[in-house]
Amino acid sequence: MAAIGVHLGCTSACVAVYKDGRADVVANDAGDRVTPAVVAYSENEEVVGLAAKQSRIRNISNTVMKVKQILGRSSDDPQAQKYITESKCLVIEKNGKLRYKIDTGEETKFVNPEDVARLIFSKMKETAHSVLGSDANDVVITVPFDFGEKQKNALGEAARAAGFNVLRLIHEPSAALLAYGIGQESPAGKSNILVFKLGGTSLSISVMEVNSGIYRVISTNTDDNIGGTQFTETLAQHLASEFQRSFKHDIRGNARAMMKLMNSADIAKHSLSTLGSANCFLDSLYEGQDFDCNVSRARFELLCSPLFNKCIEAIRALLQQSGFAADDINKGVDESGANSFTVLFPSGTPLPARRQHTLQAPGSISSVCLELYESEGKNSAKEENKFAQVILQDLNKKENGLHDILAVLTMKRDGSLHVTCTDQETGKCEAITIEVAS
């Protein structure tokens, strides 16, 4: 049996198997393909995943989140110090090592970060066994490119303690290319790939060279100030403003109420990836007041536009650092699994008469948005203006696998641009024509 792949992120974890020539992420017992990397401790049990995340409002001091940020680090590490300051679960140094202080009322215990990671790996192992059977123990684990040896060793130890036989640790950008089969199907020739990952707590971008099946990281950068959590917080702040507008109470200083809003905002954020609007209802949010608010995708995108701009600026900065222009990149890979794709057209650069892109989207989504931008200026002074989009809706959702989307752009003789977006499995197609500006 082939080895399985496990990714332990700061906010979520997943397990994948190689099937029919591609990597398929296995759904957990709740039917979700990702599991919150959260562990909650109570008097009698340790809870991992969605149940632990949902119970954090009433058990926040005994709920461990984002353990990956502290794994393998010492107390004098700036990253660890930042984590300790922000963690709702108390972290102390005991016998020269960092520990979580867990106080359930019956007893106080001190838990190693590696033990927390072990419980998450055990959950991933259970998920894999539910599909493949009890002999699925060989594993390949992804790690961030900037992980040091101590962090890699701590991650490997946690996996082995969960009963895994760790075959190899693979850098996350390389794992993304392998998952999409890039550089494997036609190993001859050289190409440059941009790997974009917007995780729960950070944005990681890498420029990689694929040459005859060999991967080489040319340049990489991670920004710890932008991630999925920031998008959730932005929406939660909007909901707090809406509550204040309706009930004349500012709840931003109430930790319990804001945690409820964060939970509701997180659910709404995921709904808005496929739906045009999402409803946020909270029973007795503050002083017995129920809160009901509808958020459209357009409103959410407007609220988050500064964060989107930061992502674009990060890509520009990395390309400049690597000595590349946008045209030097042959393909982009979205490691974070978003359902929106962007195509950039340098202003004043003649397009070929026909240009096509094969895009892949997660099978769990039911719609894909192809956005078209025109870039103006040079280097850091470039500006990108969105001038059109094509939305392909009502795709057949899949528990496993990907949607293969073919985007074809054709320049007509009259100067207009014809764009089609086709689901290659069903033939479902949407098309638009952008006329020449008068």
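Predicted model: local features only at pLDDT ≥ 70, side-chain atom pairs only at ≥ 80, totals over all residues.
Residues are numbered from 1 along each chain as its sequence is written, and side-chain values use heavy atoms, with hydrogens and water left out.

Colleague: How many salt bridges does the count come to?

Modeller: A salt bridge here is a side-chain nitrogen of Lys or Arg within 4 Å of a carboxyl oxygen of Asp or Glu. By this rule the count is 15.

Colleague: Which parts does the pair Glu 172 and Lys 68 tie together, and how far apart are they in sequence?

Modeller: The two side chains meet in a salt bridge, N to O 2.9 Å. Helices (H or I, at least four residues) and strands (E, at least two) are DSSP runs, numbered from the N terminus. Glu 172 lies in helix α5 (residues 172-179) and Lys 68 in the loop between β7 (63-65) and α2 (78-86), so the parts tied together are apart in sequence by 104 residues.

Colleague: Which strand holds Lys 197, the partner of Glu 172?

Modeller: Glu 172 forms a salt bridge with Lys 197, and their closest N and O atoms are 2.9 Å apart. Glu 172 is in helix α5, so the pair ties this helix to a part 25 residues away in sequence, where Lys 197 lies in strand β13 (residues 190-198).

Colleague: Are Glu 172 and Lys 197 buried or exposed?

Modeller: Buried means under 20% relative accessible area, exposed over 50%, and partly exposed in between (1.4 Å probe, protein chains only). Glu 172 and Lys 68 are both buried. For Glu 172 and Lys 197, the answer is likewise buried.

Colleague: Why does Lys 152 count as buried?

Modeller: Lys 152 meets Glu 149 in a salt bridge (3.9 Å, N to O). Both lie in helix α4 (residues 149-161), three residues apart, about one turn of the helix. Glu 149 is exposed, at a relative accessible area of 55%. Lys 152 counts as buried because its relative accessibility is 18%.

Colleague: What is the order of the strands in the open sheet?

Modeller: Two strands pair if DSSP finds at least two bridges between them. The sheet has three strands with antiparallel pairing, in the order β8-β9-β10.

Colleague: Which residue in β9 stands opposite Lys 94?

Modeller: Edge strand β8 covers 91-94. Four bridges join β8 to β9 (residues 97-103), and the two run antiparallel. The residue opposite Lys 94 is Lys 97.
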